[in-house]
Amino acid sequence: MTIDPNAKMPESLEGTQVYSVDPLIVRSHYEIDYLHSYAQDSEFFRALGQKKIMGSKCKKCGYKYATPRAHCMQCGSETEWFQLPNEGKVHTYTTCYFGSEEFLKETPFHLIMVEFEGVDSLFMARMVGVSAEDLKIGMKVKARFRRNQKFSPTDVYFVPDKE
Ligand SMILES: [Zn+2]
């Protein structure tokens with residue numbers, strides 16, 4: 001049994017970062033492990049580990065999307081998976097000098113919209129192996145896949161294809 005009128009809460013040696021006094025704004029660290037479901041997009045992320053990029057094809061009108069999409073934007077029908085080619089060309093591009101916290105350390109980096117032969121929509125991905133001056137619309141590109149798969153959109157990226 002303990003009865004101690006002099007008991008104290010533990011003290012911290014860390015200070016508190018105060019950003020404003022009125023209203024009082026302080027910094028506090030926040031961290032969370034997030035269990036993320038890819039739901040109907042799961043096949044797309046699993047396939048990246050087998051060096052395949054999966055698109056969605058409308059079962060009714062045949063519109064081909066270069067991205068996971070459960071239903072067609074043209075007619076509303078269900079889609080089915082189909083494998084995209086691993087080669088395409090640059091439809092357009094940008095170079096990012098700023099990004100979200102996860103990608104900030106990788107700036108500057110290139111993002112491209114990939115155009116695949118016979119596919120009706122575009123696929124956004126990272127492009128490496130080319131300088132900003134040499135990155136061009138219409139440039140032939142081919143997919144590469146990270147050896148250590150993260151089940152992330154960046155598991156696939158593109159490099160220049162030999163002309
Ligand atoms: Zn459709």
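Among contacts in the protein between residues at least 6 apart in sequence, what percentage join residues at least 24 apart? The share is 45%, a contact being a pair of residues whose C-beta atoms, placed from the backbone, lie within 7 Å. The structure is a predicted model, in which local features need pLDDT of at least 70 and side-chain atom pairs count only at pLDDT 80 or more, while totals for chains, interfaces and linings use all residues. Residues are numbered from 1 along each chain as its sequence is written.

The protein contains 2 helices and 10 strands, arranged along the sequence as β-β-α-β-β-β-β-α-β-β-β-β. Helices (H or I, at least four residues) and strands (E, at least two) are DSSP runs, numbered from the N terminus. The radius of gyration of the protein is 24 Å, whereas a compact globule of 163 residues would have a value near 15 Å; the radius is taken over C-alpha atoms, and the globule rule is 2.2 Å times the number of residues to the power 0.38. The C-alpha trace spans about 80 × 40 × 35 Å along its principal axes. Of the 163 residues, 15% count as buried, that is, with 20 or more other C-beta atoms within 10 Å of their own, the C-beta atoms being placed from the backbone.

Strands S1 (residues 18-21) and S2 (residues 24-26) pair in the antiparallel sense over 3 bridges, where pairing requires that DSSP finds at least two bridges between two strands. These two strands form a hairpin with 2 residues between them, and Ser20 has Ile25 in S2 as its bridge partner.

S3 (residues 53-58) is joined to S4 by 2 bridges, and Lys57 has Lys64 in S4 as its bridge partner.

The largest nonpolar core comprises 17 residues. Such a core is a set of buried Ala, Val, Leu, Ile, Met, Phe, Trp, Tyr and Cys residues joined through C-beta atoms within 7 Å. The residues with the most contacts inside this core are Ala66, Ile112, Val114, Phe116, Ala125, Val141 and Phe158. At least two core residues come from each of S7 (109-115), S8 (123-127), S9 (140-145) and S10 (156-160); S8 gives the most, with 3 residues. Leaving aside residues up to four places away in sequence, Val141 touches Gly88, Lys89, Val90, Ile112, Val114, Met127, Phe158, Val159, Pro160 and Asp161.

Definitions and conventions:
A residue is buried if 20 or more other C-beta atoms lie within 10 Å of its own, exposed if 12 or fewer, and partly exposed in between; C-beta atoms are placed from the backbone. Two residues are in contact if their C-beta atoms, placed from the backbone, lie within 7 Å.
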